[in-house]
Every structure is written in C-alpha cells, then in structure tokens.
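Please have a look at the model first.

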Amino acid sequence: MRPQTFQLGRENERMTTLSLFDAERSDGGVDELCPGAMVLRGFAARRERELAQAVDGVARAAPFRHLITPGGYRMSVAMTNCGDVGWISDETGYRYEACDPLTGERWPDMPEVIRELAREAAMRAGFERFAPNACLVNRYEPRARLSLHQDKDEQDFSAPIVSVSLGVPAAFLFGGLRRKDPTLRVPLTHGDVVVWGGPARLRYHGVLALKQAEHPFAGALRYNLTLRTAVT
Ligand code: SIN
Ligand code: FE2
C-alpha cells in the first residue's frame, strides 16, 4: 500500500501532519486533526449490520430527499434525520424541526445502536456524557459533495459533533475557524468516526465530490451519520 502524507499549509503547520495509508487505514488507530478533533479509525465497523438496519428503518419512515438551500440550490447529498429534532434547509433558511416537513410526522426515534455508538466515540475522544438528540443521515451518490461549512444551528456548542462514515470512502476537508483557513484533506473510510468539539467545535468542514467506486456495504453510495446535541 502506498503511504500518503497530508501536508498542511501555513497556519495549520501547528497542527499534526497526518501520514495515512491510502484510504485503507481502519485499524482502530486514532488520528488527531487538531486539539479537540480526531478520527477514530474503524470505530463503527463492527456494528455495520445493526447500523445498516437502523438506517434502513429511519429511511422507511422518513425518506431521503434532496433539500433546497436558502440560495435556491438543490443539495447533491440526500438527507434524512432521526432523533428529537432534525436538521433541514429550505428557501427560508437552515434550522432544526421536530417534524419531518415531508410527512408531517415526528422524525423517527434515534435507534439505540446509533446513540450508543456516538456516546462511546465521544467518550473515546475525551468528551464525557455526550447526549445527542439529533442525527442527520447523509447519503452521497457518486459526485455528491458538501461544501465547506460550520455546524452552527445548534443551541449548545459545548457538546461535540460525532460523524460516522459508512460505505464508499470520501475525502473530508477539515479547516479552521475562518472559511479561508487552509484545510486538511482527510480520507474517511467505512467505519471511521470523526469527533470534533471544544476548541474545534466550530471549525469549517466539508466533503469533496464522491468518486465512482463500489463498496460491499452500500454499493456506489456513502452514508454519513452526524450526531449533535441540537436542542437543550
Ligand atoms: C456534515 O458535515 O454534515 C457531513 C460530513 C460528512 O459527510 O462526513
Ligand atoms: Fe457539518
């Protein structure tokens, strides 16, 4: 396997330089991205079956859909939610809602396997007592991408974000507190869990366009579960 080195620019020189193996490193290791942010390699892999069932169940009750941004663009990533509240976007803005606008019903409950995994990941990353009440489920088709953004629609920034990657690998961009700060390009593969909180909670992040690939878990797709304490 060809080792890849991720060299950071300018202000990020203070951050760790990651030396990773070509999108294949799922060995249970931990990569620190900066203080407060780390990747737990392969952390979710052993629960992939239960996670797949959980995502299926959520999507049956609250189907994946392409949301419209306030600027009028259709997002390339398809989304749904589970938990007390769900993140949505439409012409009027971004927000959390207790009901799914598509069905008019409450979002499905957060499956215990997802909640528990997120709690354990947060704990492993040094964040005790993480109590997520929102789980955004993202589904990436080939070429789908998520532009650089901050997660800032939550009421409480003291809780971390836990983000679980499943299926086709992706390049995750992890930047600074300003949009123009240099970004670190982090390969995320099936089962990897990123946790960021504390001083890293408001760092910009995004996902580069998904490459055409096949993965036994989900064919050509990538799924991502993002857990947050959205309401207090
Ligand atoms: C997000 O920022 O909501 C998703 C990140 C990801 O898909 O890895
Ligand atoms: Fe995000």
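**The pocket and its ligand**

Q: Which strands each supply at least two residues of the lining of the largest pocket?

A: Strands are DSSP runs of E, at least two residues long, and helices are runs of H or I of at least four, numbered from the N terminus. Here S7 (93-97), S8, S9, S14 and S15 each give at least two residues to that lining. This is a predicted model, where local features need pLDDT of at least 70 and side-chain atom pairs count only at pLDDT 80 or more, while totals for chains, interfaces and linings use all residues. Residues are numbered from 1 along each chain as its sequence is written, chains are lettered from A and ligands numbered from 1 in the order written, and side-chain values use heavy atoms, leaving out hydrogens and water.

Q: What is a pocket, and what volume does the largest pocket have?

A: On a 1 Å grid over the protein atoms alone, a pocket is an open set of points where a 1.4 Å probe fits, with protein on both sides within 12 Å along at least five of seven lines; lining residues have an atom within 4 Å of a point. A volume is the space filled by probe spheres set on the points, which are joined across faces, edges and corners. The largest pocket has about 700 Å³. It is lined by 35 residues, and Met75, Trp87, Leu146, Ser147 and His149 are the closest to its centre.

Q: Where does ligand 1 sit?

A: A molecule sits in a pocket if more than half of its atoms lie within 2 Å of the pocket's grid points. Ligand 1 sits in the largest pocket. S15 gives the largest share of the shell around ligand 1, with 4 residues.
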